[in-house]
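Here is a short note for someone opening this model for the first time. Please read it with the structure in view.

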Amino acid sequence: MLIERSNFALADVISINDFSLNDINFILSQASRLEAMRIAEKNSLLSGKVVASLFFEPSTRTRLSFETAAQNLGAKVVGFSDANATSQKKGETLSDTIRMVEKYSDVIVMRHPLDGSARRAAEVSAKPVINAGDGSNQHPTQTLLDLYTMRKEFGKIDGLKIGMLGDLKYGRTVHSLAVALGMFEGIELYFIAPGMLKMPEHITNAIKDKVKIKESAELQEFLPELDVLYATRIQKERFADPLEYERIKDVYILTKEILQRTKSGFRIMHPLPRINEISNELDETDAALYFQQAANGIPVREAILNTLGNEK
Amino acid sequence: MKNDDIRLTPISNGTVLDHLKVGTALKILELLKLGHQHAITLAINTESGKLGRKDLVFIEGKELTLEETNKIALIAKGATLNIIKNSNVASKTKIELPKSVNGTIKCINPNCITNAESIATKFSIFPAPALKAKCHYCEREMNESEIFNSVK
């Protein structure tokens, strides 16, 4: 009843680059329906199914929200949250681990430190694989929950004016989100980053025909335009010169002051964890959407698990 | 016979790779791993009407497989493949880039799964506007000079 699987073309969830707009909209709609359901109504959707939760590297939000989502739907969860407790430690290849796990699970959720590991796992496994982060490459469920958060907050994604702030060069969340937003209509993107952390050209080139892009190192300039400001962490280790880091790190700290220049309905998002880039004083304001955003990981991951878990 | 073709006939049967960018002949020889089974002649930095200067590779008694041709295409876009039969040019084709290659390029990303486990690499090839190869696994894109150094 809940699944009209013909609207979702993917056998696995590996990379946002595999998604069509249809696939994205399908997951977002399923997430809305699941969020509106009480646990008692949905906890038989995956009953009798086993979700393997393979976290080869640590994660707080992603692992807990996947496992909570699986349990909300009535699935059993098996797995590990530390690769040291596995045979990988003894030198087993990822391919062999997956060949074993797919025999006793119905869906595999995996985070792994190597880029491309999720694609490899999906190749080896007959059961669906969901990428919960492969090295610095992809984290597609983060992008889907970001989109879900925008749609839920604004009622639509088309036409939104979205600022992306901070480390746009190395941040995989902003890369995937920018690419996904490129599938919607009338999006305006404002990239705000210091020169050395600018959005890479291959991303801007991929979307420049579909969205309007403005770039600046200055936040103030774009603030009055924005519906959403998506902030990210600037990591000290990206800088060869520590002085350079010291010089720019405070420029991008968001305080209550910025709200004097923003329009009504303005919201701040952040993939978390934050260090100091969003001041605590913003947490209680209407602009703070980041904790709600993290909570939205549950219905979005329920939607993905339910769609793939009921496939076979 | 046109003046330009005179150099194509030191072999009577086999393959001549023409219009190679200067500096690619030795690399091609290395990639083909032909050992000592064939008589091979290289011409390096010779005059060319089309290119100014070019390299050529003559291989006696061998026609290249599709896999070998694809490998060459990655480092010598626009080269000409001549098949010589009985000392005549039997066919002349421009080498085209394949849409994808398997096991041909080593991924430049040290953190890619293909560099950690023994998996054949897979790359999608994008010829324009500038040659690019994208890893099927880690999605990292490689440019022309990175590809040149990573074809195996």
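1. Start with a helix crossing in chain A: α6(A) and α7(A) cross in a right-handed way. A crossing is right-handed if the near helix is turned clockwise from the far one by less than a right angle, and left-handed if anticlockwise. Helices here are DSSP runs of H or I with at least four residues, strands are runs of E with at least two, and both are numbered from the N terminus. On the α6(A) side the contact uses P140(A), Q142(A), T143(A), D146(A) and L147(A); on the α7(A) side it uses T173(A), S176(A), L177(A) and A180(A). Contact means C-beta atoms, placed from the backbone, within 7 Å. The contact residues are four nonpolar, four polar and one charged. Nonpolar covers Ala, Val, Leu, Ile, Met, Phe, Trp, Tyr, Cys and Pro; charged covers Asp, Glu, Lys and Arg; the others, Gly among them, are polar.

2. A caution on the source. This is a predicted model, in which local features need pLDDT of at least 70 and side-chain atom pairs count only at pLDDT 80 or more, while totals for chains, interfaces and linings use all residues. Residues are numbered from 1 along each chain as its sequence is written, and chains are lettered from A and ligands numbered from 1 in the order in which they are written.

3. Helix α3 (residues 61-72) and helix α11 (residues 297-309) of chain A cross at roughly 60°, and their axes come within 8 Å. Axes are lines fitted to C-alpha atoms, for helices over the stretch in contact; angles run from 0 to 180 degrees between N-to-C directions. The two helices are therefore oblique to each other. Oblique is what remains after roughly parallel (under 35 degrees), roughly antiparallel (over 145) and roughly perpendicular (65 to 115). α3(A) passes α11(A) in a right-handed crossing. Among the residues that meet are F66(A) and A69(A) in α3(A), and I298(A) and L305(A) in α11(A).

4. Which strand order does the sheet have? The open, parallel sheet of chain A runs β2-β1-β3-β4. β2 (76-80) and β4 (129-134) are at the edges with a single partner strand each, so one side of each lacks a neighbour in the sheet. β1 (residues 50-55) pairs with β2(A) over five bridges; a pair needs at least two DSSP bridges. V50(A) stands opposite K76(A).

5. Last, chain B. Domain 1 spans 3-94 and domain 2 spans 100-150. Such bounds come from an automatic or database domain assignment. Their centres, taken over C-alpha atoms, are 25 Å apart.

Definitions and conventions: Two residues are in contact if their C-beta atoms, placed from the backbone, lie within 7 Å.
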